[in-house]
Amino acid sequence: QVDKDMEEKDLQSVEYFVKREVLDELCLDEVAQKETWSTKLTLGDQVKECSVPRLKHILLTWVPVLSWLPRYSIRENALGDLISGCSVGIMHLPQGMAYALLASLRPVYGLYTSLFPVLVYFIFGTSRHISIGTFAVISIMVGSVTERLAPDSNFIVNGTNGTETVDIDKRDAYRVQVACSLTVLTGIFQILLGVVRFGFVVTYLSEPLIRGYTTGSACHVCVSQLKYLFGITPSRFTGPLSLIYVSVLLPQTQVPELVVSLVALAVLIVVKEINDCYRQKLPLPIPIELVVVSLPFSFSFILSLLKAPRAPDTTFFSGVIGDAFAVAIVGFAINISLSKTFGLKYGYKVDSNQELVALGLSNTIGGFFHCYSVTSSLSRSLVQESTGGKTQVAGVISSIIVLITVLKIGPLFEDLPKAVLSTIVFVNLKGMFKQFMDVSLLWKTNKVDLLVWLVTFISTIVLNLDLGLAVSVAFSMLTFIFRTQLPRYSILGNLPGTELYLDTDTYKEAKEIPGIKIFRSSATIYYTNAEMFLEVLQEKVCGCVFNNLCSVCVCVKSASAFYKRNGNSVDFSMTETATDGLHKGQMNLAYEPDITMSDSDSATGSDHITEFSRHGDEEKKRACKSGTHSIILDISTTSFVDTVTVKTLKNIFRDFGEVDLDIYLAGCQACVVEQLEAADFFSASIPKSRLFITVHDAVLYIRKKQWKAYFVLVGHHQYLSHF
């Protein structure tokens, strides 16, 4: 440890020296030989470049299995994938059937959903460790749609003795049509977004939003399963505060169902904890979920359950388009966040756009085979990784296990008590409920993210999943807008002996340079904050805000007061070039006090506040010469400029120029320079020579300019004294 600390100290003490001329944007273009031609290929060039290697690259990009499967190492990967696939396949069975209840479908459709989409993702997916299939949040989102479009009240028939009963077979068949249509439309949305390279859309769903939403959804999942655990039959109720409705019927609890539920819960929780505690020692997790569902089997023989593919009913599309888009975005957000987690851990790239296409194809093709919407599952993915899974082959093996189950023993699951399946749902929500610990963590790290998490969770609980998601996204976007509208504005000072310029309010050693104000915003300047940028600049530089009604302006404090107050000066060196050639005839000039100060300024220690009227140019010039003569705008944080920004910057050059203040820009990115050129920003009044590469370049230029003015003034006085 001592050697490591000494090594770090040695690295921290490294020094560097740079000797170059001051560079503005024009000099940079010449020295660095800026390219003026476009690198974009024309349509004709693109057609010419469609060679066999390029077509092969496109094919491998869209069908990733062709790139990695031929290089699959049986010796290194086969055993791990086999064990992992068996483990995940065993998990697919109970989870698929249990989550089908959340989608208001029969358990067998959960098995279908654990089979076909997995095979599709094997071909088109790029993540090696995630497990595609049923997921609680997506299942309940599908269930809210199926119950809304196919409620029990639509399938009531007259029974014997004048009683009314629900035609369950007809209802379930109709719900399958709704779920499949929703799934196909969801897949179409995802494919289209992937094809147009719109994978970045998920970045607008921040991690706190996703975790808050899934935690709130977990509460919905729990409440939706209470009717099975307690043996009650509540009527369907939607809208705000619908979670409270089921609690009214709890006194009608059926004791047998409750006993079965409690016993199954106890067994599941105990064995799950054993699996977690002895995860490193057990070769395979104890398949307790499969054991629990196997106990209550009623052995009956039914024909094969696999059904021929069938096109979805497109008449449902108009009624589920909003839900389909929500499912598409949430499903992809969960999938890509989990995929990138494993990708970073194991050092491989996950293509977000290709993941959209893969997930979309899994949903679209799965919808034709009586599947509902899928995404990756955290619990299954962790098992797939921890049991040695290396590639997507593990998913194929798990789907084979599901296929054998559906063909051979699948019919036995038809009469499985729903209370047992509900307990499986409850136990598998453990990971989501652990996300409540995010609250304490976010409280310490980022209170804005904590607010997003809480608003998302509360809105999901109170307003249900669809409205809750809309409110959450809207609130998250508002926080982004407020952050950009309320950036931090800073006056920068030089750290003595360096070329670094830091916030004077944060760093005590950062000293303002007399006569020069260096102003920086922490956010991009664009139409929402451009007006505030101008107001704060005027306030920090001149002590008040310029406007059309203001005829008096209080100028900045004089540089002499700055010296008196701080008792020292900023120490740095500059180079003056005697000739036009690079690195020829250079001499170093020591830093000197601001030559614009008058004798009276330097003789007094009090702050000078000068008022001036906007009616006369001489008064304005005389006022601002009492202190600041130059302003440097550090716009290195600006990543783009819009028309409002261009107009604002033009107004800054014009208005401050009227009071004899020189404006300079520094740290402008190349793309921003191009946008300024396209907007005709540079002109005779705003030459490109006012744009510098760094703040230090601008400071050195200004000091050199002041020194030249000083030498001219001295030479003039010597000439007069001669006569």
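**View 1. An open six-stranded sheet with mixed pairing.** The strand order is E6-E5-E7-E12-E13-E14. Strands here are DSSP runs of E of at least two residues, helices are runs of H or I of at least four, and both are numbered from the N terminus. Two strands pair if DSSP finds at least two bridges between them. The model is predicted: local features need pLDDT of at least 70, side-chain atom pairs count only at pLDDT 80 or more, and totals for chains, interfaces and linings use all residues. Residues are numbered from 1 along each chain as its sequence is written, and side-chain values use heavy atoms, with hydrogens and water left out. The edge strands are E6 (501-503) and E14 (691-692), and each pairs on one side only.

**View 2. The E13 and E14 end of the sheet.** Strand E13 covers residues 662-666. Two bridges join E13 to E14, and the two strands run parallel. Leu665 has Leu691 in E14 as its bridge partner. Helix H26 (residues 643-658) lies across strand E12 (630-634) and E13. H26 runs at about 150° to E13. Axes are lines fitted to C-alpha atoms, for helices over the stretch in contact, and angles run from 0 to 180 degrees between N-to-C directions.

View 3. Most residues other than glycine have a negative phi. Asp680 is exposed, with a relative accessible area of 58%. Buried means under 20% relative accessible area, exposed means over 50%, and partly exposed lies in between (1.4 Å probe, protein chains only).

**View 4. A salt bridge between Lys705 and Asp662.** A salt bridge is a side-chain nitrogen of Lys or Arg within 4 Å of a carboxyl oxygen of Asp or Glu. The closest N and O atoms of Lys705 and Asp662 are 3.3 Å apart. Lys705 belongs to helix H28 (residues 695-722) and Asp662 to strand E13, so the pair ties together parts that are 43 residues apart in sequence. Lys705 is partly exposed, at a relative accessible area of 34%.

View 5. Asp503 counts as buried, at 6% relative accessibility. Arg488 is partly exposed, with a relative accessible area of 48%.

**View 6. A salt-bridge network that includes Arg171 and Asp172.** Side chains of opposite charge can pair when their charged atoms come close. The side chains of Arg171 and Asp172 meet at 2.9 Å, N to O. Both Arg171 and Asp172 are buried. Shared partners join Arg106, Asp152, Asp169, Arg171, Asp172 and Arg175 into one network. The count of salt bridges comes to 16.

**View 7. Helices H9 and H14 in contact.** H9 spans residues 136-149 and H14 spans residues 317-346. Their axes come within 10 Å and cross at roughly 175°. H9 and H14 are therefore roughly antiparallel (an angle over 145 degrees). Contact means heavy atoms within 4.5 Å. From H9 come Val137, Ile138, Met141, Val145, Arg148 and Leu149. They meet Gly319, Val320, Asp323, Ala326, Val327, Val330 and Gly331 of H14. By class, the contact has nine nonpolar, two polar and two charged residues. Ala, Val, Leu, Ile, Met, Phe, Trp, Tyr, Cys and Pro count as nonpolar, Asp, Glu, Lys and Arg as charged, and the others, Gly among them, as polar.

**View 8. Helices H20 and H21 in contact.** The axes of H20 (residues 438-445) and H21 come within 6 Å and cross at roughly 150°. That makes the two helices roughly antiparallel. H20 contributes Asp438, Val439, Leu442, Trp443 and Thr445. H21 contributes Lys447, Asp449, Leu450, Trp453 and Leu454. Six nonpolar, one polar and three charged residues make up the contact of H20 with H21.

Methods
Angles under 35 degrees count as roughly parallel, over 145 as roughly antiparallel, 65 to 115 as roughly perpendicular and the rest as oblique.
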